[in-house]
Amino acid sequence: MTTPELSKTNGSAGTTGAPVPVTVARGDGIGPEIMDATLRVLTAAGARLAVEEIQIGESVYARGHSAGIEPGAWESLRRTRVFLKAPITTPQGGGFKSLNVTIRKSLGLFANVRPCVAYPPFVPTRHPKMDVVIVRENEEDLYAGIEHRQTDEVTQCLKLISRPGCERIARYAFEYARRHGRSKVTCMTKDNIMKLTDGLFHRVFDEVAADYPDIVAEHWIVDIGTAKLADTPEAFDVIVTPNLYGDVLSDVAAQVAGSVGLAGSANIGEHAAMFEAIHGSAPTLAGLDVANPSGLLLAAVMMLVHIGQADVAERVHNAWLATLEAGVATADIAGPGATAVGTRAFADAVIDRLGQRPTILPPVAYPTGQRQLTVPTTAARPAQRKTMDGVDVFLDHRDRDPDALAATLQRATEGATLHLQMITNRGVKVWPDGLPETFCTDHWRARFQSSRPGAASRAEVVDLLHRLDRAGLDFVKTEGLYRFDDEPGYSLGQGQ
């Protein structure tokens, strides 16, 4: 059975017996109910916590803070470096930021870890052998949130992947696997299409895997990998992915295991850690005493191990398992023959079983005094030599005829040292030799290159843009075509 913990932050504070400062937010919707249930269990189990409560979510958004968090709350988080957070509600509509994304990125919580375990026969599942941990990169990818509307018809979102980010999360996944006695780490990307961004993630994964010969390393394309996870989850052990895929995969895995309501997660960084249930605030269930506190409680178990209170974590986790074995469950997971109870009654049932161990489900064991896992560092690399081949110029142009656009561009840039090589629309080459059936929008990419690789200059790009501007062409964005140690750092044609 998974023993999910993770980093060095405050790693030894709990072993002294002194209360460990922890920031707590009760959240919105069902959040206050499941947090109350969780804290009652932790207190009864002997958790040594000095709780600092902060307010986040709906009421803070309403006070004009677009991220749902106020300066005083940041002060608490930076002071305690440990955050137990209930779900919050983000207002609909523009102008409001995701609080989770804001906290993860602001505090550098680069690793999101979500154990997804089946509990047969006590929680209905089609996959009784499932025990998978999703390790999701937490700061990069499309979650950078950099978006622009560039034309009347086209909006873009930037996908940012860094080598240090890839290396840190890949190494974290292998260290996690080694520490928890797991035998395989699977990387999932879409690098058959996104050859540079996802290709970097896959390539760095392979480089890191070479340092862990005791652990099997494999790669799946994420679409078929997700299908395989949903159908045969026992084929996987630890999965590591970029941010967006990890978000989707972890919810799929949690539901396949039994219920999203059972899953907790840890967000780990060098300076802080946040622990939360993965489900939402479910405002329609608020105040009805029906919410399942298990996801937040298991997140709190991860927190206890993280702060060095493994003895309490083990007591709580085994009592929770014993409660499932006794046939006591909230209605969302209650199987045939189980007694469905409310939020408060479920917490009471766990408290009543503190000190017990399950007899059918595997009990958990969290060794006390074990050194916490440190955050991996990334290897220093010498900078590669960077040269320029030319520039991609993105244009807002309403005429849908690519041949006419090419003629206009060639007239406008006659005499320039960078020459038109290709025009694409939504990534499909439409000039030269385009197909008349290709659908085009008002957003075009025109590639201009020097006759000699690596010989283009910024001055030539500026000259080119001046020529386009004088011709009345509306360029909305440029991207340099760079080489790194003579290897092209840009997609070479359509479909890449």
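**Strands and their partners**

Tutor: Threonine 424 stands opposite lysine 429 in E17. This is a predicted model, in which local features need pLDDT of at least 70, side-chain atom pairs count only at pLDDT 80 or more, and totals for chains, interfaces and linings use all residues. Residues are numbered from 1 along each chain as its sequence is written, and side-chain values use heavy atoms, leaving out hydrogens and water.

Student: In E18, which residue is the bridge partner of threonine 424?
Tutor: Strands (E, at least two residues) are DSSP runs numbered from the N terminus, and two of them pair if DSSP finds at least two bridges between them. E16 (residues 419-425) and E18 (residues 443-449) run antiparallel, joined by six bridges. In E18, the partner of threonine 424 is arginine 445.

Student: Which residue takes a positive phi in the hairpin of E16 and E17?
Tutor: E16 pairs with E17 (residues 428-431) in the antiparallel sense over three bridges. Two residues lie between these strands, and the one with a positive phi, near 55°, is arginine 426.

Student: How many residues of E16 are buried?
Tutor: Buried means under 20% relative accessible area, with a 1.4 Å probe and protein chains only. E16 is mostly covered, and of its seven residues the buried ones number five.

Student: Which strands stand at the edges of the open sheet of 10 strands?
Tutor: The order is E2-E1-E3-E12-E11-E4-E5-E10-E8-E9, with mixed pairing. Each edge strand has a single partner, so one side of each is left without a neighbour in the sheet; they are E2 (49-54) and E9 (216-221).

Conventions
Helices (H or I, at least four residues) and strands (E, at least two) are DSSP runs, numbered from the N terminus. Buried means under 20% relative accessible area, exposed over 50%, partly exposed in between (1.4 Å probe, protein chains only).
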